[in-house]
Amino acid sequence: MLKKFSMENCKSVATPLVMNEKLHKDNGEPKVEGSTFRSLNGSLLYLTATRLDLMFSASLLSRFIQSPSHKQFGVTKRVLRYLKGIANYGIYYTNVEDAALVGYSNSDYAGCLDDYKSTSDYVFSFGSGAFTWNLRKQDIVAQSTA
């Protein structure tokens, strides 16, 4: 994928997104040609089947598929730089005697600046690796964090 988008010689970064950076559709920046952005975002969405750590960033960037700006394209390229650093990472399933079911969930409060809807996600693991995960934008606007 890095070769396809001419990013095989890029420097890697530790995180796919910048902490606390908010993206929105109309940020006043010029728009970019959309076919490359759509192809890149589709490739990222394909990788989410095996790369849980890309779920949030790929889902977030897919919101801008209609008319991406230079900023959103730059964020997408940052995700590729993140992929460069984690190319050898993966989920390994091994036989564990004392396997325990562990679940994590998270939600941001009105994280989308365009419609103020929250995004919630979860991941469950049993033993040595994750077996189910989901991330989605909520259908209604949250009125509180409770």
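This is a predicted model: local features need pLDDT of at least 70, side-chain atom pairs count only at pLDDT 80 or more; totals for chains, interfaces and linings use all residues.
Residues are numbered from 1 along each chain as its sequence is written, and side-chain values use heavy atoms, with hydrogens and water left out.

The protein chain holds 3 helices and 3 strands. Read from the N terminus, these elements follow the order α-α-α-β-β-β. Helices (H or I, at least four residues) and strands (E, at least two) are DSSP runs, numbered from the N terminus. The C-alpha trace of the protein chain spans about 55 × 45 × 20 Å along its principal axes. Of the 146 residues in the protein chain, 31% are buried; buried means under 20% relative accessible area, exposed means over 50%, and partly exposed lies in between (1.4 Å probe, protein chains only). Contact means heavy atoms within 4.5 Å. Among contacts in the protein chain between residues at least 6 apart in sequence, 67% join residues at least 24 apart.

Helix 1 has 14 residues, which should span 20 Å at 1.5 Å a residue, and its end C-alpha atoms are 20 Å apart, which agrees. The expected span of a helix is 1.5 Å times one less than its number of residues. The buried residues of helix 1 are Gly34, Phe37, Leu40, Asn41, Ser43 and Leu44. They pack against helix 2 and helix 3.

Helix 3 (residues 70-85) has 16 residues and reaches 23 Å from its first C-alpha to its last, close to the 22 Å expected. Its buried residues are Gln72, Val75, Thr76, Val79, Leu80, Tyr82 and Leu83. These residues cover an arc of only 155° around the axis, which puts them on the same side of helix 3. The arc is that of the directions from the helix axis to the C-beta atoms.

The largest nonpolar core has 21 residues. A nonpolar core is a set of buried Ala, Val, Leu, Ile, Met, Phe, Trp, Tyr and Cys residues joined through side-chain atoms within 4.5 Å. Those with the most contacts inside the core are Met7, Leu23, Leu44, Leu61, Val79, Leu80 and Leu83. Helix 1, helix 2 and helix 3 are the elements that give two or more residues to this core, and helix 3 gives the most, with 5 residues.

Leu61 shows some of these contacts in detail. Not counting residues up to four places away in sequence, Leu61 touches Leu23, Phe37, Asn41, Leu44, Gln72, Val75, Thr76 and Val79. Asn41, in helix 1, is buried, with a relative accessible area of 0%. Leaving aside neighbours within four places in sequence, Asn41 is in contact with Ala58, Leu61, Ser62 and Ile65.

The structure holds 2 aromatic pairs. Rings of Phe, Tyr and Trp (its six-membered ring) pair if their centres lie within 6.5 Å; planes under 30 degrees apart count as stacked, over 60 as edge-to-face and the rest as tilted. The rings of Phe37 and Phe73 have their centres 6.4 Å apart and their planes at 45°, so the pair is tilted. This pair links distant parts of the chain, with Phe37 in helix 1 and Phe73 in helix 3, 36 residues apart. The rings of Tyr122 and Phe124 have centres 5.6 Å apart and planes at 55°, so this pair is tilted. Phe37 is buried, with a relative accessible area of 0%, whereas Tyr122 is partly exposed at 34% and Phe124 is partly exposed at 31%.

The strands remain. Two strands pair if DSSP finds at least two bridges between them. Strand 1 (residues 101-107) and strand 2 pair in the antiparallel sense over 7 bridges. Strand 2 (residues 119-126) and strand 3 (residues 129-137) pair in the antiparallel sense over 8 bridges. In strand 2, Ser125 stands opposite Val102, and the bridge partner of Ser125 in strand 3 is Ala130. Phe124 stands opposite Thr132 in strand 3. Strand 2 and strand 3 form a hairpin with 2 residues between them, and Gly127 in the turn has a positive phi of about 80°.
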